[in-house]
Amino acid sequence: MAEYSHSPTGEGFQLPSQEDYLKEFGRLEEVVNHQRNLKREIVVVMGLGFVGAVMAAVVADAQDGKGNPIKFVIGMQRPSPRSFWKIPLINRGLSPMSTEDPEVALMINRCVNEKRTLTATFTYDALKFADVVIIDVQCDYLKESLGDVRNGQAEMKALEESFEIIASHISPNTLVLIETTVAPGTTEQIAYPIMRKVFRKRGINTDPLLAHSFERVMPGKNYVASIRDFWRVCSGINEEAKSRVIKFLTEVINTEKYPLTVLDRPIESETAKIVENSFRATILAFLDEWSHFAERNGVDLIKVINSIKVRPTHSNMIFPGPGIGGYCLPKDGGLGVWAYRHIHGFEDDIFKITTAAIDINDTRSLHVAQLARDALRNMGRPIASAEILVLGASYREDVGDTRYSGSELIVRRLTEMGTEIRVHDPYVLHWWEFEKQDEYPASSHSLKRFFRGQERLKDLRVEQSLETALQGVDAVILAVRHKHYLNLDPDEVVKSSGGPIAVIDCFGILDDERIRRYFELGCEVKGLGRGHVKRIKDHVQEARERMLLKMSGETVTGAETAFRKANP
Ligand SMILES: NC(=O)c1ccc[n+]([C@@H]2O[C@H](COP(=O)([O-])OP(=O)(O)OC[C@H]3O[C@@H](n4cnc5c(N)ncnc54)[C@H](O)[C@@H]3O)[C@@H](O)[C@H]2O)c1
């Protein structure tokens, strides 16, 4: 039976058959011959995910001083049911992901349909044509338990297979640029020996030209610029690989304004990526304990952070929200810790901060369920029979990427506690982590394995209308700083939900005026790191009591009438 791959909008694409491979190779051969006559270098980008699809377009868009395209790019994606759809979509000139950056769609369309410098394929045979191969496949880190990154391992199999496949197809002079975030040591101690062995079997006596340069892509408003107009670090396995990678990156990205940093060895470039992300994970995790301190001592951590950030030396302090998701920060430190033992062979335990940071970030969002429980309890509603709306499924604001988002853990823990969940996210049509939780992100990777009672979450669908989503809920969790949620009017929210609700602010979204208004409307408010809400609640309560006292002995004023109306 024919197998299909479905795009996020539901369009089905039949996976290729054996004959399709032959035909596809013929198509590529023809187009490559034509491109070579135009003196364009052939670049194969392996893995058309969040990084590879846009990197492929950036390379295809590169031009010389006279405005002539200099590269022809073949984006190569394995034809799995989960990812094959990206190929036909790109070949129509469409972007495979939805993003706030309009340049992504424009650039892919321009390169496919106007410049004709970009095509996508499913056949590894494309590698035979490559002058340069860029590896943008994933390298996962699988954790065996929640909140214990040490108890896990780097998933090297797919990457190792990719090195073997590449070495068995490319010509000896092909530059192989690894952009995947890898365990430090991978280029020299894993890729090099695997590829060298295959080269020798093929009778090639030279060394593979291996280089490493990691991506700093941010898939939001500045998606394209974060690849093309940003600083890069690179290195090569030998002088030739190093000079080839410098030449290539200088041709395709804006190194004039954002100069390259060239490091001696690939392990230094690989380590730079891991340290860079571990540093960020650490400064985020650091604020978790102060967030708890703030909640218990009447402190608004948001205002505290803002008061500190005015010092230029502390300007990169960031409030952590409901946990730190995304594909990179939860795993990258793990790759480093794993490499220390399993690539470099050390037995001792030097990692304290990197691991603690990931463990803290991985479990921070569970506290949101406690806040929801307590807020509902204060309103006399048991959480086990409550309906809760989560606003935001993505891991960060204004993008549709749900990988390892804090919201996922909030939903899973609340479900375990018996809550009925609704979710709204303007950037996410399907929350695959739930709809396809048996196979997504991979069969053994779903976070459902750490929770009980998760089966019914397969039916969770993302509401597209906020008003509909709000109807009849007991609580709302403001989980992501999407622009749509920053200015919600408390009166409108309470009107749509049909009465007072619990509001949980995970990201410093509510200002004091809105918090006060929610209390005046009879709601309960709690927030991560927002201990001062209790003070606002007390003020509203005191004002209400004063008013009632006055009303019992005196005539009611206009202001009091207004207050009574707002607080029936
Ligand atoms: N997403 C980010 O924001 C970001 C930022 C910086 C670095 N990175 C790193 O970049 C790398 C890629 O990340 P991503 O977000 O693009 O991942 P992704 O999962 O979105 O994409 C990887 C793609 O590679 C494909 N693939 C896997 N094996 C393949 C093979 N053998 N042949 C062809 N295609 C194959 C997959 O099907 C998938 O489409 C990772 O190492 C990641 O850590 C990601």
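User: How many nonpolar, polar and charged residues line the second largest cavity?

Analyst: Five nonpolar, five polar and no charged. Ala, Val, Leu, Ile, Met, Phe, Trp, Tyr, Cys and Pro count as nonpolar, Asp, Glu, Lys and Arg as charged, and the others, Gly among them, as polar. The lining includes Pro322, Gly323, Tyr395 and Phe507. Bear in mind that this is a predicted model, where local features need pLDDT of at least 70 and side-chain atom pairs pLDDT 80 or more, while totals for chains, interfaces and linings use all residues. Residues are numbered from 1 along each chain as its sequence is written, and side-chain values use heavy atoms, leaving out hydrogens and water.

User: What makes the 310 Å³ space a cavity?

Analyst: On a 1 Å grid over the protein atoms alone, a cavity is a set of points where a 1.4 Å probe fits but cannot get out; lining residues have an atom within 4 Å of a point. The largest cavity comes to about 310 Å³, and 24 residues line it, with Lys143, Pro330, Asp362, Tyr404 and Leu447 nearest its centre. Strand β7 gives the largest share of that lining, three residues.

User: Why are the buried residues of α10 said to line one face?

Analyst: Leu301, Ile302 and Ile305 are the buried ones, meaning under 20% relative accessible area with a 1.4 Å probe, protein chains only. Down the axis of α10 the buried residues fall within an arc of 105°, so they line one face of the helix; the arc takes directions from the helix axis to the C-beta atoms. They pack against α9 (266-296), with contact meaning heavy atoms within 4.5 Å. Helices are DSSP runs (H or I, at least four residues), as are strands (E, at least two), numbered from the N terminus.

Key:
Buried means under 20% relative accessible area, exposed over 50%, partly exposed in between (1.4 Å probe, protein chains only). On a 1 Å grid over the protein atoms alone, a cavity is a set of points where a 1.4 Å probe fits but cannot get out, and a pocket is an open set with protein on both sides within 12 Å along at least five of seven lines; lining residues have an atom within 4 Å of a point. Grid points are joined across faces, edges and corners, and a volume is the space filled by probe spheres set on the points.
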